[in-house]
Amino acid sequence: MELTTAQALVAWLIAQHSETLDGREVPLFPAVFAIFGHGNVLGLGTALQERSDLIPVWRGHTEQGMALAAVGLAKAAHRRQVGVATSSIGPGALNMVTAAGVAHANRLPLLLLPGDTFVGRAPDPVLQQVEHFGDGTATVNDAFRSVSRYFDRITRPEQLLAALPQVARVLTDPADAGPVTLALPQDVQAEVFDFPESLFEPVVHSVARPRADRTRLAVAAAALRDSDRPLLVLGGGVRYSGAGPRALEFAQWHGIPIVETTAGRTLVPHDHPLYAGPLGITGSTSANALAAEADLILAVGTRLQDFTTASWTVFAPEARLVSINAAGFDAVKHGSVAVVADADAALQDLPGLLDGWEADRQWTDRAAEVRAEWDGYVDKLRAPAAGQPSYAQIVGAVNDLSGSGDYVMTAAGGLPGEVVGGWRASGGEPTMDVEYGFSCMGYEIAGAWGAAIAHRRGLVTTLLGDGSYLMLNSELFSAAFAGHPLVAVVCDNGGYAVIARLQESQGGVPFNNFYADCRTNHPAPPRVDFAAHAHSLGCAVFTADDLVGFHEAYAQARVAARTGSRPAVVVVRTQPATWTDTGAWWEVGVPEHLGGRVDYDAGKRAQRRYR
């Protein structure tokens, strides 16, 4: 088939399909987010226009935002579908590097198609080209190398024949999932080649389920049999494997208490008798208490990031660690008994080696006991009170008004701790996206746009602070223009409150976080009218001054988003210094002269190094 490089790439994208966790066949690439410039408009842009009936193209308004939307889409689709983002060369391409970092840190598939400079070099240097004095082959797109699982620059049309199988492999492999960057020189996009028709035959990518090595699985089973107080930690890999029901069944058979990581949240019904809560700094005192008492940690599908492990102080030093992970890179960390396998397959095979074994009954019962204490604490935080509401009260209200199929999101600042720690899930399909692998301010709105495209069962609600709103808000207009409903709750507390909390709690002087502590030459500095701004972007807007008003405003916003097929924004002033406390420690470098150094030194002594 005689096609341009760009036409061949688009035809291949359309031919790729995916099998969802419930067995449905869907397009692997359901959406392209595009901003066109001279580096991609005539090559890839023309090819997309010609096939736009088969692959939807959505216009973004910042390259970072639309690439973050593609990330949010992949998370909401449980990694079974992949968003595509394309930009021109130069600043447009570099704007997507942050989104690539988000996808890389969170192990989420993302396909980036930035335009690139001319291979022929006739117009050298082309508009927006950054010239490297010592390397004529380098372009700004080389910045993607450090945040891509797979990077390629297509300098000949026929190179697609070798590159595209690698693209599909990385985007659909549970062990390697992450961002792929194909840099596309604009002259090569328009070059014609006689491609084999077989390249465009439909392909369905099913969920890969590698099974564990029997010897390693036996070692893990022996470690479990030797334990009295095991703890099951469920991470994002359990979600992407669809192994949530299997994990609950496994825990029930053997009486093992369950905790969740940030990426694994909402896998377990909140009222499940074995559920002890979310783990770590943004988790719960209940899960952290069990982690400190457990003699074995069975970590499934998690890379055990520092917020999950409280910088490796949450587990007892003598506790053994067994890690089941599709990625060997993650499984071997921290001297664990490493089992490289799909989560669902491993949890299916492991019980056969544990016949008749159960955890100590008193230990099993501890889960419900400690979680009841945590629930009581959260109930007090959520209780109605006069004045500006706290984050915990806002999260509680959203939780109360959300249905079982609704989807909640946040990313940076203080809200992840409130959403992860306080949310009460009904179980079933995972319904939360807290981007705390990269903690990217601005993901909240852009990611919600992508999630709204992928998540069809219920309504997407994203919670964000005023700082994140100001960081990246343009994709509110993108979603409004495209007609994708979602609700954005904007909590205005007057600055970067959670960093101010960290700064001051360690003995630092308030500086450059709250607006009141920032340099200004204005005698009466302005405040942003978030409601007016969101209205100008095409959103339905509601405001609230207290908790009762927020309940009403959020309920109205849900209706407005659905009936108006557009985003609805709720703006509410919130308390700047009221937080949910898990008591967990986080390693942040503290200078000797600050008061927090004493706790820092104590935390360092308590860290689990290796076992």
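Predicted model: local features only at pLDDT ≥ 70, side-chain atom pairs only at ≥ 80, totals over all residues.

Q: Is helix α1 largely enclosed by the rest of the structure or exposed?
A: Start with the residues of α1 that are buried, among them Leu-9, Trp-12 and Ile-14. Helix α1 covers residues 5-15, and ten of its eleven residues are buried. Therefore the rest of the structure leaves this helix largely enclosed.

Q: Within what arc do the buried residues of α24 fall, seen down its axis?
A: In helix α24 (residues 597-606), the buried residues include Arg-597, Tyr-600 and Gly-603. Seen down the axis, the buried residues of α24 line one face of the helix, because they fall within an arc of 115 degrees.

Q: Which residues are exposed on the other side of α24?
A: An α-helix has 3.6 residues a turn, so residues three or four places apart point the same way. In α24, the buried residues are Arg-597, Tyr-600 and Gly-603. On the other side, the exposed ones are Val-598, Asp-599 and Arg-605.

Q: Are α3 and α18 parallel, perpendicular or oblique to each other?
A: Look at helix α3 (residues 63-76) and helix α18 (residues 443-454), whose axes come within 6 Å. Those axes cross at roughly 50 degrees. An angle under 35 degrees would count as roughly parallel, and 65 to 115 as roughly perpendicular. α3 and α18 are therefore oblique.

Q: How many nonpolar residues are in the contact of α3 with α18?
A: On the α3 side, the contact includes Leu-68, Val-71 and Leu-73, and on the α18 side it includes Trp-449 and Ile-453. Sorted by class, the contact of α3 with α18 has one charged residue, four polar ones and, for the nonpolar class, eleven.

Q: What is the handedness of the crossing of α16 and α17?
A: Helix α16 (residues 391-401) and helix α17 (residues 415-422) have axes 9 Å apart, and they pack at an angle of about 50 degrees. That makes them oblique to each other. Their crossing is right-handed.

Q: Which residues of α17 make the contact with α16?
A: From α16, the contact takes Tyr-391, Ala-392, Val-395 and Asn-399. By class, the contact of α16 with α17 has five nonpolar, two polar and one charged residues. The α17 side is made by Leu-415, Glu-418, Val-419 and Gly-422.

Q: What is omega near for the cis peptide bond from Asp-124 to Pro-125?
A: Most peptide bonds are trans. Pro-125 lies in the loop between β7 (110-116) and β8 (150-153). The bond from Asp-124 to Pro-125 is cis, with omega near -5 degrees.

Q: Does Ser-311 count as buried or exposed?
A: Ser-311 sits in the loop between α12 (306-309) and β16 (320-325). Its phi is near 50 degrees, a positive value in a residue other than glycine. The relative accessibility of Ser-311 is 5%, and the cut-off for burial is under 20%. So Ser-311 counts as buried.

Q: What is phi of Asn-512 near?
A: Asn-512 has its place in the loop between α21 (497-505) and α22 (530-536). At 44% relative accessibility, Asn-512 counts as partly exposed. Phi of Asn-512 has a positive value, near 70 degrees.

Q: Which residues does Asp-344 touch, not counting residues up to four places away in sequence?
A: Asp-344 lies in helix α14 (residues 343-349). With a relative accessible area of 12%, Asp-344 is buried. Not counting residues up to four places away in sequence, Asp-344 touches Arg-209, Ser-241, Gly-242, Ala-243 and Arg-246.

Methods:
Residues numbered from 1 in each chain as written. Heavy atoms only, no water. Axes fitted to C-alpha atoms, helices over the stretch in contact; angles between N-to-C directions. Helix = DSSP H or I, 4+ residues; strand = E, 2+ residues; numbered from the N terminus. Parallel < 35°, antiparallel > 145°, perpendicular 65-115°, else oblique. Left-handed = near helix turned anticlockwise from the far one by under 90°. Contact = heavy atoms within 4.5 Å. Nonpolar A, V, L, I, M, F, W, Y, C, P; charged D, E, K, R; others polar. Buried < 20%, exposed > 50% of the residue type's maximum accessible area, 1.4 Å probe, protein only. Arc of directions from axis to C-beta.
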